[in-house]
Amino acid sequence: MSLSTQAARAFKGTHTAGRSPEELRELVSHVGAELELAPAENIIEWAVATFGERFCVTSSMGDAVLAHLAAKVAPGVDVVFLDTGYHFAETIGTRDAVEATLPVNLITISPVQSVAEQDAAHGKDLYKTDPDLCCKLRKVQPLAESLAGYDAWATGLRRAETHNRVIAPVVGWDARKQKVKVSPIARWSDEQVERYVVDNGVLVNPLVYDNYPSIGCWPCTRRVAPGDDPRSGRWAGTNKTECGIH
């Protein structure tokens, strides 16, 4: 299913009303500590049992580990993919393969403006002239809008990926989005991810095997030399380290 952010809001609006931000914040005030050492499947089970259809999984399609985990626990779970208009063909192919092979409801979200419309409004190649604004328009705002109908969402965020993510809780409160953020594999090491992929035959974006350990939009992603920081290929040559989603 492919939706604009507005259509996604309408689609989710057909679901039952969710809890208030105050109720959600209180709900998770102690859960993070209780689930800190729980297996990823148990964390997803808690989220599904707690939020039902107002819970989704987001995936950038670097691999299908989180989608695979969620599909085992809750077949038919919503998996939200943000198509920025700048993805590698391999990333779109991974998304299509996930939709075809896993029992999930794949929802593709697109920014309000196409790349051409953004170029007309802000100048060509905004990712060069103002990468923060480009990320805001093509990632941050569309994701926030697509999550409007959910109380909680799961990410593939892992503490091992970057120092900025060391303290990411497995279940926490996102004050900016006013929603519960679930990171079932936050504690997983690179080796654990690789083992899960092999043991379960999980789909992996082929770019990972071409020295792209962290995959974003093609204009802002470079190959990484063996031994270098896996995220050093993102926004290489700039001080930017995150798109703003996390």
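Contact is taken here to mean heavy atoms within 4.5 Å, and in this predicted model the buried residues of α10 (190-200) pack in that sense against α4 (40-51) and α5 (65-73). The buried residues in question are Val-193, Tyr-196 and Val-197, and they lie on the same side of α10 because the arc they cover around the axis is only 100°. An α-helix has 3.6 residues a turn, so residues three or four places apart point the same way. On the face of α10 turned away from this buried side, the exposed residues are Glu-191, Val-198 and Asp-199. Just after the helix, Gly-201 adopts a positive phi of about 60°.

The unreviewed entry places a "binding site" at Cys-134, Cys-135, Cys-217 and Cys-220. Although these residues span 87 residues in sequence, no two of their C-alpha atoms are more than 10.9 Å apart, so they gather at one spot. Cys-134, Cys-135, Cys-217 and Cys-220 are also included in the lining of the largest cavity.

When neighbours within four places in sequence are left aside, Cys-217 is in contact with Thr-84, Tyr-86, Phe-88 and Lys-139, whereas Cys-220, with residues up to four places away not counted, touches Tyr-127, Gly-233, Arg-234 and Trp-235.

Thr-221 is likewise placed in the segment after α10 and is buried, its relative accessible area being 3%. The side chain of Thr-221 takes part in polar contacts with the backbone of this segment: a polar atom of that side chain lies 2.8 Å from the backbone oxygen of Cys-217, and the side chain also reaches the backbone nitrogen of Gly-216 at 3.2 Å. Beyond its neighbours within four places in sequence, Thr-221 is in contact with Phe-88, Tyr-212, Ser-214, Ile-215, Gly-216, Gly-233 and Arg-234. Of these partners, Phe-88 is also in contact with Cys-217, while Gly-233 and Arg-234 are also touched by Cys-220.

Terms used:
Residues numbered from 1 in each chain as written. Predicted model: local features only at pLDDT ≥ 70, side-chain atom pairs only at ≥ 80, totals over all residues. Heavy atoms only, no water. UniProt positions renumbered as here; feature names shortened; annotations may be inferred. 1 Å grid on protein atoms, 1.4 Å probe; cavity = no way out; pocket = protein on both sides within 12 Å on 5 of 7 lines; lining within 4 Å. Helix = DSSP H or I, 4+ residues; strand = E, 2+ residues; numbered from the N terminus. Buried < 20%, exposed > 50% of the residue type's maximum accessible area, 1.4 Å probe, protein only. Arc of directions from axis to C-beta. Polar contact = N/O pair within 3.5 Å; in protein donor to acceptor, adjacent residues only side chain to side chain.
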